[in-house]
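Welcome, and please get your viewer ready. Below is the structure we will walk through together, one selection at a time.

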Amino acid sequence: MEIKTTGIKLQLTENSLTVLRRRYLAKDDKGRVIETPENLFVRVATSVAEPDLKFGASTDEAEKTALTAFNMMAELEFVPNSPTLMNAGRPLGQLSACFVIPVEDSMESIFDAVKSAALIHKSGGGTGFAFSRIRPRNSMVASTSGVASGPVSFMKVINSATEAVKQGGTRRGANMGILRIDHPDIMEFISCKDDLTELTNFNISVGITDTFMQAVKDNAEYQLLDPRSGEQYVQDGEPLSLDAREVFETIVEHAYNSGEPGVVFLDKINSDEHTTKVGLIEATNPCGEQPLLPFESCNLGSINLAKMIKTTVGVSPDTDLFRCEIDWEKLKTTVHNSVHFLDNVIEANVYPLPEIDQSTKANRRVGLGVMGWADLLVMLEIPYDSEEALVLAEKLMGFIQAEADIASQELAKVRGNFPNWEKSDFFDQTTGQGTPRRNSTVTTIAPTGTISIIAGCSSGIEPLFAIAYERNVMDNTRMIEVNPYFKQKAKQMGFYSEQLLETIANKNSIADIEEIPEQIRKIFVTSHDVTPEWHLRMQDAFQKHTENAVSKTINLPQEATKDDIKKAYDLAYELSCKGVTVYRDGSRPFQVLSTKSANAQPSEQPFESVIRDRPETLHGITEKIRTGFGNLYVTINTHEGQPFEIFAQIGKSGHDTMADTEAVCRMISLALRTGVPVEKIIEQLKGIGGDAQVFGAGGLVRSMPDAIAQILHKHFGNGKAVKEERDISTDLCPDCDGKLVHESGCISCPNCGYSKCK
C-alpha cells in the first residue's frame, strides 16, 4: 500500500525529534537510525489501514484511511500508544500497550504468568496482575503437606523475571500488582515496597471494596476472606478480622512515605463495566487507567487537544492577540477517525499469546483519550483550578464519549458487533434487541508522558508541570525550556526577559512572582499550585464521561500531612474516581523534581544513604587496560544489570600504587552500593591526570582512576546496561540525567521521553 504525503510539513520540536531518534525510529544492526519521522508515520498508517481490506474496502478506500491516519499523526492531532509507533509495519508487530495476566492459586498458573509476562515485556507491553486468588502465607498446601509462601513472594519472582527481560532498549518492563483489601496477606502487601530495592518493576495498588469503605466510615472491623472459598478466613481456629480504620491509616502512611500503594475502587470499576456477565474486573494495567479481564489487551491513543482549536478575531486592532475557541467539528472528525484507527489496530496486531488474541477480539476494547488539556486551557485563558475548567472538562469529554459511541456503532454496522455483545449491557436479553457496538469500551484517559513530548503538548489531563525548566542538551550543556504559550504572552504583554526565565526555572510556580501580571499567574498554574481537591475534581470531571478509567497523579507539597492524603482518598471515593495515586513531593529517598531548584544545594536534598548488602553470588567482567604503571586488570561485578562492586589489580608497580588502586576501588564500590549513579562516578574520575600517562588502545590513559573510569564508561556509560536497569526511584533520568516528574500515575522524563509507561 502506498500513500502520497507531499505538501505536509512535520511540526516537530527538537525535543520531539530527540525522543523519536532515541526510541521510535528504526535502526540498523549497528544502532544507526535508518528511518525519518515521516517514514515512521507512513509505516504506521499503512500497516494500520490494511485491515480495511478485510472488511470489504477497496484499495483506494484503504489508502484513503492510511492517508487520514498519516495526516492525524503528522499534524500531531492524534498519536497512538508507543508499541504501535514502534512496531507497526515491523517484524515484531505487537501494538498493544497493556495486558492483564490471570494468576490462579496453583504453581502451574503462577509460573505460566511469569512466562506470559516475560513474552509481553519482550514485545514492549506492560502487565497487570491480581494476586487476590493466591492463598495466604503459611496456609496449608495439601499436595505437599507444606505451607504456602503467599502472594508477595510470587510478586518477587515476576519482578525478577521482568528485570531479566530487556525490551530492545525502547521500553522497560512495567507491572501492576493488585491485592484485595480483604485478602489475609493485605498488611504484608501494603508494606512490600518499603525497601525500594525490592519490586522495582512493580506499581502496587490495593483493591478497595465498598464494604471496606463503609467499615472505615463506621469505625468497624471487616472480615478477611479465604481466596479459595470466599468465606471468612480462619487461622488456628480463629476467624480473622481487621480494624478497617487502622488498615486505612496504614495505607495512608505508606502512601505518605513513598507514594505507594495506590488504591483502585473495584466495585466502582465493575459497576461501570459493560461485560460483567463475561467476568469481573480484578486488575488493571501498570498505571491503573485500563481495567482489563484476564488475557485482555487494550490499544490506546490520545487526541492532542491543543490542536483542536481555531482562532477568531483579534482582541483589538492594535495587538496581534487572538481569541481561541474549540473547533468542535474538527474534534468530531478526529474522534471518528481515531476510533476507526484503534479498531484496526486490533486486527493488525500480532499478539504475544493465543489467549490474548482470543480475549482481546472477544471484547475489542479500545481506549481513546486526550492530552494537551492544560495547553487548551491556557489558550482559552481558563485557570486549571476553576469551576469554568471543570464545566468545560465535562462538556468536552462528554462530547468525545458521545462521538466515540457513534463511531463504534457505525463500525458495527459494517464490521459486526464485538463477539461478547450479547453478554453485554448493550444487549437486552428480554427483547433480544440492542445498540450496535463494535467495541465494548472506547474511552480511556492514559498517561502520555512520551507521546505528549512527540506531540509537543502537556501530558494527559495534568496541569503544566513547570513554566520553565532546565533541559539537558546532548553535549552536556543545559538550556532553559520555556512553555511556548507563556513565552508568547510574555512578549506580547511586554514583561519578557531572560532574567525572568532564570527566576522561573528556579521555582515550581510563578504564583508569587509579582512582575508577572496577576491574570497571567492565574492562567499559568502548575501542578504545585493546584490543591488536591482540584486535582481530584478534575479527575472526576473527566471520569464521568470515560468508560474505562483516568490516569492521574494527585501531587502534594512536601509539607502535606497524612491527613491530607486521607482526605484525598475519601474525596476520590465520594466522587466518581475509579482509583487514585498520590505523590508527596520529596517522599522518596531521592527527590523527584523537574525545576532548577532541585540542583541548588546538596544539603537541601532529602537524600537517604542505604548501603545494599552483597548477594552471595555476583557475575562480572574483567578487562585489561594499559597504564603508565603497567597493565591494570579491572573486574566489575553487577547485580540486576547494575555495577555493584569493582576490583583492580596492577602488576609490579609497588605497594603504594596497589594500595591506592585498592582504596579507589573500595570507595567506588561503596558509592555503587549506596546508589550513586555510575555516570556520576565516571564524571568524577575521568580525566584525572598523573605523572605516568600513556597511550593505550582506547586513547590516552592519564592515571589509574582515569583508566577505571574509561572501563566503566565503555561498559556502562552512554545509555549502556545500567541505563535501562537503574531504579526509577532516583531523581535523574537513566537516559539523559534530566529531572524526572510524577504525572498520570507514571514517572517520566520531559527532556528525552524516558518512561516505563506509554
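Start by selecting His639, which stands opposite Gln642 in strand S27. Before moving on, a word on the model: it is predicted, local features need pLDDT of at least 70, side-chain atom pairs count only at pLDDT 80 or more, and totals for chains, interfaces and linings use all residues. Residues are numbered from 1 along each chain as its sequence is written, and side-chain values use heavy atoms, with hydrogens and water left out.

Now widen the selection to residues 630-639, strand S26, which runs antiparallel to S27 and is joined to it by eight bridges. (Strands are DSSP runs of E with at least two residues, helices are runs of H or I with at least four, and both are numbered from the N terminus; two strands pair if DSSP finds at least two bridges between them.) Two residues lie between the strands of this hairpin, and Glu640 takes a positive phi near 55° there.

Is S27 mostly covered or mostly open? Select residues 642-650: seven of the nine are buried, where buried means under 20% relative accessible area, exposed over 50% and partly exposed in between, with a 1.4 Å probe and protein chains only.

Next, jump to Leu199, in the loop between helix H8 (186-190) and strand S7 (202-208). Leu199 is not a glycine, yet has a positive phi of about 50°. Leu199 is buried, at 1% relative accessible area.

Asn219, in the loop between helix H9 (210-218) and strand S8 (221-223), also is not a glycine and has a positive phi of about 55°. Asn219 is partly exposed, at 46% relative accessibility.

Finish at Pro261, in the loop between helix H10 (244-258) and strand S12 (262-265). The peptide bond from Glu260 to Pro261 is cis, with omega near 5°.
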